[in-house]
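Have a go at each one before reading its solution.

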Amino acid sequence: MKKVFLFATLLITSAFLYSCTCSDNRNSNRDYLDDMKNALALESTPMNIAPEVDWDNVDLSKFMKYEGFIGDEGITLYYQSWNERSDELKDSGYCGFLSPKEAPFKFPMKEISNEPNPGGFNHVILEIYRGDELYATLEGDIQGRGDGFNGTITYVENGEKKQFELMQKY
């Protein structure tokens, strides 16, 4: 019965949309049809595309800065907790970036999970991107009482895992 009702609704909607495009009053119906497409997200491109973040112009004083090593490579990581993020960062899903000390690159990070623990740390999972592609997944504990951020990074390309140890810098 539900399938019949769904089919009937689809048929009536299709007939209505067709009549809107074929009537003599095309301009006002075309506007209405465009409004309906927008309301139903029937556009050819997705509506909620995250804006790119210009990391060179972000106020880094509001970020926690961590320095240390992933394997043998020196890195700096800037991370911002959810309640400190700007609307732009909340909309984009980004929480900061990772930058190798020997290169001027900035790899944006998105927070996938942040679970507080009564032991005084948060277990976080961050995705690191190179351009639009997922580059690595960083999983570790941010210490609330010790300023450390330690865990494992897993590279998507080859599945390689490395330990990281970072300390917050003030």
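**Exercise 1.** Is Glu 157 buried or exposed, and what does its side chain pair with?

*Solution.* Start with accessibility: buried means under 20% relative accessible area, exposed over 50%, and partly exposed in between (1.4 Å probe, protein chains only). Glu 157 has a relative accessible area of 72%, so it is exposed. Next, look for a salt bridge, meaning a side-chain nitrogen of Lys or Arg within 4 Å of a carboxyl oxygen of Asp or Glu. The side chain of Glu 157 meets that of Arg 130 in one, at 4.0 Å from N to O. Arg 130, at 45%, counts as partly exposed. Now place the two: helices (H or I, at least four residues) and strands (E, at least two) are DSSP runs, numbered from the N terminus. Glu 157 lies in the loop between strand 7 and strand 8, and Arg 130 in strand 5, so the pair ties together parts 27 residues apart in sequence.

A word on the ground rules: this is a predicted model, where local features need pLDDT of at least 70 and side-chain atom pairs count only at pLDDT 80 or more, while totals for chains, interfaces and linings use all residues. Residues are numbered from 1 along each chain as its sequence is written, and side-chain values use heavy atoms, with hydrogens and water left out.

**Exercise 2.** Which residue forms a salt bridge with Asp 56?

*Solution.* The partner is Lys 106, with the closest N and O atoms 2.6 Å apart. Asp 56 sits in the loop between helix 2 (26–39) and strand 1, Lys 106 in the loop between strand 3 and strand 4, 50 residues apart. Asp 56 is exposed at 61%, while Lys 106 is partly exposed at 33%. In total, the model has five salt bridges.

**Exercise 3.** How are the rings of Tyr 135 and Tyr 155 arranged, and which strands hold them?

*Solution.* Rings of Phe, Tyr and Trp (its six-membered ring) pair if their centres lie within 6.5 Å; planes under 30 degrees apart count as stacked, over 60 as edge-to-face and the rest as tilted. Here the centres are 5.6 Å apart and the planes at 75°, so the pair is edge-to-face. Tyr 135 belongs to strand 6 and Tyr 155 to strand 7, 20 residues apart. Finally, check accessibility: Tyr 135 is partly exposed at 24%, and Tyr 155 is buried at 13%.
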